[in-house]
Amino acid sequence: MTKVKFPENLLFPIGKLLSWRLASLEKKKKSIEEEDPFADTDRLNDNASPDADAAEQFGHARIIALKNELAKKIIQTKKALTGIKYGTYGICADCKKMIDTDRLMVYPEATLCVPCEKKREK
């Protein structure tokens, strides 16, 4: 069975796009971490009112959710870049079939084809 791969001239711009996205995601994650109200070490000595504490709790929960989402996107982008490096980009990690090019155009970080993605979501 012959292994199907994308041509190098197509992978180069995709790799540049994914590298740019990775840098952007990591920069955004660092920026969001700085917004975390719990990141301030002086906070422990603060005798804030209960409503201020509730706002900090909400802000912290929001930051954690955003960081988790960004972490998932960073991992997905790194997997796609690894796929480019090792010649497996565009091949589904589960079923080993080619991922539809329309999906890759919309979501270049995709490592699963649509049917396998749906199976994982269930």
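Helices (H or I, at least four residues) and strands (E, at least two) are DSSP runs, numbered from the N terminus.

Now the background. This is a predicted model, in which local features need pLDDT of at least 70 and side-chain atom pairs count only at pLDDT 80 or more, while totals for chains, interfaces and linings use all residues. Residues are numbered from 1 along each chain as its sequence is written, and side-chain values use heavy atoms, with hydrogens and water left out.

The overall picture comes next. The chain has 4 helices and 0 strands, in the order α-α-α-α from the N terminus. Of its 122 residues, 28% are buried; buried means under 20% relative accessible area, exposed over 50%, and partly exposed in between, with a 1.4 Å probe and protein chains only. The accessible surface comes to about 8900 Å², and carbon and sulfur atoms hold 57% of that. Those areas come from the Shrake-Rupley method with a 1.4 Å probe, and for residues only the protein chains shown count as cover. Contact here means heavy atoms within 4.5 Å. Among contacts between residues at least 6 apart in sequence, 59% join residues at least 24 apart.

Back to H1. Which residues of H1 are buried? They include Leu11, Gly15, Leu18, Leu22, Leu25 and Ile32. Is glutamate 109 buried or exposed? Glutamate 109 has a relative accessible area of 8%, so it counts as buried. Leaving aside residues up to four places away in sequence, glutamate 109 touches Leu18, Arg21, Gln76, Thr77 and Ala80.

On to the loop between helix H2 (50–86) and H3, where alanine 93 is placed. Alanine 93 is partly exposed, at 41% relative accessible area. Not counting residues up to four places away in sequence, alanine 93 touches Thr111 and Leu112. Alanine 93 and cysteine 116 are 23 residues apart in sequence, and their C-alpha atoms are 8.8 Å apart in space.

Lysine 96 lies in that loop between H2 and H3 as well. Lysine 96 has a positive phi of about 65 degrees although it is not a glycine. At 56% relative accessibility, lysine 96 counts as exposed.

Then the cysteines. How many disulfides does a search of the whole structure find? The search finds 0 disulfides, a disulfide being a pair of cysteine sulfur atoms within 2.5 Å. Cysteine 92 is in no disulfide, and its nearest cysteine sulfur, that of cysteine 116, is 3.6 Å away. Cysteine 95 is in none either; its nearest cysteine sulfur belongs to cysteine 92, at 3.7 Å. Cysteine 92 is buried, at 1% relative accessible area, whereas cysteine 95 is partly exposed, at 31%.

Last, the surface. Met105, Val106 and Tyr107 make a nonpolar patch of about 360 Å². Patches are made of residues with over 30% relative accessible area and no salt bridge; like charges are joined within 9 Å, and nonpolar side chains (Val, Leu, Ile, Met, Phe, Trp, Tyr) within 5 Å. A salt bridge is a side-chain nitrogen of Lys or Arg within 4 Å of a carboxyl oxygen of Asp or Glu. Valine 106 lies in helix H3 (residues 101–106) and, at 70% relative accessibility, counts as exposed.
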